[in-house]
Amino acid sequence: MTDKVGEKSVSYAGIGTDRASSLSVPIPAPGIGTRISELSKVLGNQAEASHVIGVSVPQLRRYIKGDNLPSFDVMARLCLAAGRSMEWLATGIDPELRHPQPPSQAVRPEAVSLAVQLAEEALEGKRLEPPDYGQLVSLIYDALVNGLPSAQVLAFARPAARGLARGKKDAAQVVGGSGKGAVG
């Protein structure tokens with residue numbers, strides 16, 4: 001990716017990501033002064049903000065006007081203190097909006113019920129400690145809501161249940177316990 005900074009052209013690929021991005025944004029993007037001002041207000045006023053980031057009030061005002069660009073360490077301190085990303089300060093693009101988290105889905109009671117039934121069947125009468133049982137049910141639930149048929153889910157749930165039970169038994173034996181927490 002190529003960006004123009006002043007008269008120079010800067011090339012980078014997927015900064016902060018695991019893949020190259022097709023988004024071309026000048027660094028720093030227009031409006032950085034406005035964003036610096038916004039973060040200064042988050043910190044209180046310009047005097048408080050300048051103290052926190054280690055510059056004089058007149059220097060902070062030059063950043064806000066766009067007469068000077070802050071150094072990396074000044075930008076980092078400002079973003080850290082105000083709780084914003086450096087990407088947002090430099091580009092005006094909120095990384096959360098560019099890479100949104102998938103929306104939460106409501107829990108489906110029928111899928112939870114089926115997950116518990118399949119967990120019981122996979123355990124074949126054995127017991128697990130509550131955290132391990134919860135983990136097993138959660139794995140089964142995720143597979144069900146992602147569309148796997150019950151037979152396929154049960155096929156992977158049986159070895160998972162044995163692994164959880166065996167892991168507890170092995171851990172108890174290492175510390176000299178009886179392994180009663182997970183009956184195998």
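This is a predicted model: local features need pLDDT of at least 70, side-chain atom pairs count only at pLDDT 80 or more; totals for chains, interfaces and linings use all residues.
Residues are numbered from 1 along each chain as its sequence is written, and side-chain values use heavy atoms, without hydrogens or water. Local features need pLDDT of at least 70, side-chain atom pairs count only at pLDDT 80 or more, and totals for chains, interfaces and linings use all residues.

**Exercise 1. Helix α2**

Find which residues of helix α2 are buried, and what covers them.

Solution. 
- Step 1. Helices are DSSP runs (H or I, at least four residues), numbered from the N terminus. Buried means under 20% relative accessible area, exposed over 50%, partly exposed in between (1.4 Å probe, protein chains only).
- Step 2. Helix α2 spans residues 46-53, and Ala-49, Ser-50 and Ile-53 are buried there. These residues cover an arc of only 100° around the axis, so they sit on the same side of α2. The arc is taken from the directions that run from the helix axis to the C-beta atoms.
- Step 3. The cover over the buried residues of α2 includes α1 (32-42), α3 (57-65) and α4 (72-82). Contact here means heavy atoms within 4.5 Å.
- Step 4. Check α1. Ser-37 is found in this helix. With 16% relative accessibility, Ser-37 counts as buried. From Ser-37 to Ala-49 is twelve residues in sequence and 9.4 Å in space, C-alpha to C-alpha.

**Exercise 2. The ends of α2**

Solution. 
- Step 1. The N-terminal cap is Asn-45: one of its side-chain oxygens lies 3.0 Å from the backbone nitrogen of Ala-47.
- Step 2. After α2 comes Gly-54, with a positive phi near 80°.

**Exercise 3. Salt bridges**

Solution. 
- Step 1. General point: side chains of opposite charge can pair when their charged atoms come close. The rule asks for a side-chain nitrogen of Lys or Arg within 4 Å of a carboxyl oxygen of Asp or Glu.
- Step 2. Asp-73 pairs with Arg-77, with closest N and O atoms 3.2 Å apart. Both residues lie in helix α4, four residues apart, about one turn of the helix. Asp-73 is partly exposed at 40%, and Arg-77 is partly exposed at 33%.
- Step 3. Arg-127 pairs with Glu-120, at 3.4 Å between the closest N and O atoms. Arg-127 is partly exposed at 48%, as is Glu-120 at 32%.
- Step 4. Glu-124 pairs with Arg-158, at 3.6 Å between the closest N and O atoms. Glu-124 lies in the loop between α7 (109-123) and α8 (130-145), and Arg-158 in helix α9 (residues 150-174), so this pair ties together parts that are 34 residues apart in sequence. Salt bridges with shared partners join Glu-121, Glu-124 and Arg-158 into one network.

Notes
Helices (H or I, at least four residues) and strands (E, at least two) are DSSP runs, numbered from the N terminus. A polar contact is a pair of N or O atoms within 3.5 Å; within protein, one must be able to donate a hydrogen and the other to accept it, and residues adjacent in sequence count only if both atoms are side-chain atoms.
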